[in-house]
Amino acid sequence: MTDSSIDALNKKLDRLIEAVTRLAPPPVPETDLGEADCFVWQADPGYLEPVRKVNRVDIGLIRGVDRVRDILVDNTERFAAGYAANNVLLWGARGMGKSSLVKAVHAEINARAKSDLPLKLIEIHREDIDTLPKLMGLLKAVPFRIILFCDDLSFDHDDTSYKSLKAALEGGVEGRPANVIFYATSNRRHLLPRDMIDNERSTAINPSEAVEEKVSLSDRFGLWLGFHKCSQDEYLDMIDGYISHHGLVIDPEQLRAEALEWATTRGSRSGRVAWQFTQDLAGRLGKPLKD
């Protein structure tokens, strides 16, 4: 074989190696939990992505849920201190600050700094729930205490991933790691559609056992914190809090009239509606909102 033939062959081999390299999956990034206080679980390929700037509000701006706020703070504070605490299901009316409260409580507990190791918050997406056992396996050996958080958790008719969640929370051989707690928000108290439960009751040989199978998932949460629609006064109080916090100046009577009209056009009153009104007002006043 001539030198030119060998060179041509080497070039082809180099191109082949490059092509195969491009097809190979990239290496899984290594996660250092000391990089940040909040992370998002990326199930594929399976690593924790740090969140440098968390989308949350100060706990003092979450109004109308004082009782459940205090319960959640107490449960989280005990967990962060190394004491026994419960998994928590925050359920109820949309827009009343369920997910905002979880993130705000996490920040509040870390601000009190009662532990040398900060409490970590890791969000797992609803569609990745079936990878929860894998994630817990990765976390059980780390020195940090961790809140696993799933926003808007619910299951559809043909979805069986709730069984993975049940096993990971309480039912598995290993059980939930001592350094991990699970917080979830949902519009449903039992996480499954009511017609799904009713259908199981009507078609099963033993209706009561079928229903027990479906609703037992909620029983894995030791705390059920209910969020209900707010009153007009609570809604206006939420807006007053936002207005004061962001330094917006407007005549009180005009503010009240515009805030009530805003809620009427949307057909509801909630913390989310109050925040949307505040954003609109700040834009009309030409004022920036604080980070």
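User: In which sense do strand 1 and strand 4 pair, and over how many bridges?

Analyst: This is a predicted model, in which local features need pLDDT of at least 70, side-chain atom pairs count only at pLDDT 80 or more, and totals for chains, interfaces and linings use all residues. Residues are numbered from 1 along each chain as its sequence is written, and side-chain values use heavy atoms, with hydrogens and water left out. Strands (E, at least two residues) and helices (H or I, at least four) are DSSP runs numbered from the N terminus, and two strands pair if DSSP finds at least two bridges between them. In strand 4 (residues 120-123), Ile 122 stands opposite Phe 39, and the pairing with strand 1 is parallel, over 3 bridges.

User: How many residues of strand 1 are buried?

Analyst: Buried means under 20% relative accessible area, exposed over 50%, and partly exposed in between (1.4 Å probe, protein chains only). Strand 1 spans residues 38-42 and is mostly covered. The buried count is 4 of its 5 residues.

User: Which residue takes a positive phi in the hairpin of strand 1 and strand 2?

Analyst: Strand 2 (residues 47-50) runs antiparallel to strand 1, joined by 4 bridges. Within that pairing, Trp 41 stands opposite Leu 48. The hairpin has 4 residues between its strands, and the positive phi, near 110 degrees, belongs to Gly 46.

User: Which two residues are joined by a cis peptide bond?

Analyst: Look at the loop between strand 1 and strand 2, where Pro 45 lies. Omega is about 20 degrees at the cis bond, which joins Asp 44 and Pro 45.

User: Why is strand 6 described as largely enclosed?

Analyst: In a regular strand the side chains alternate between the two faces of the sheet. Here Val 180, Phe 182, Ala 184 and Ser 186 point one way, Ile 181, Tyr 183 and Thr 185 point the other way, and all are buried. Strand 6 (residues 180-186) is largely enclosed by the rest of the structure because the buried count is 7 of the 7 residues.

User: How many disulfides does a search of the whole structure find?

Analyst: The test is a pair of cysteine sulfur atoms within 2.5 Å. Cys 150 is buried at 0% relative accessible area, and Cys 230 is buried at 6%. The number of disulfides found is 0.

User: Beyond four places in sequence, what does Ile 239 touch?

Analyst: Contact means heavy atoms within 4.5 Å. Leaving out residues up to four places away, the partners of Ile 239 are Leu 255, Ala 259, Ala 274 and Phe 277.

User: Where do the buried residues of helix 4 fall, seen down its axis?

Analyst: The buried residues of helix 4 (residues 132-139) are Leu 132, Leu 135, Met 136 and Leu 139. Directions are taken from the helix axis to the C-beta atoms. The buried residues lie within an arc of 100 degrees, so they line one face of the helix.

User: Is Asn 110 buried or partly exposed?

Analyst: Asn 110 lies in helix 3 (residues 98-112). Beyond its neighbours within four places in sequence, Asn 110 is in contact with Asp 37, Pro 118 and Leu 119. Its relative accessibility is 21%, so Asn 110 counts as partly exposed.
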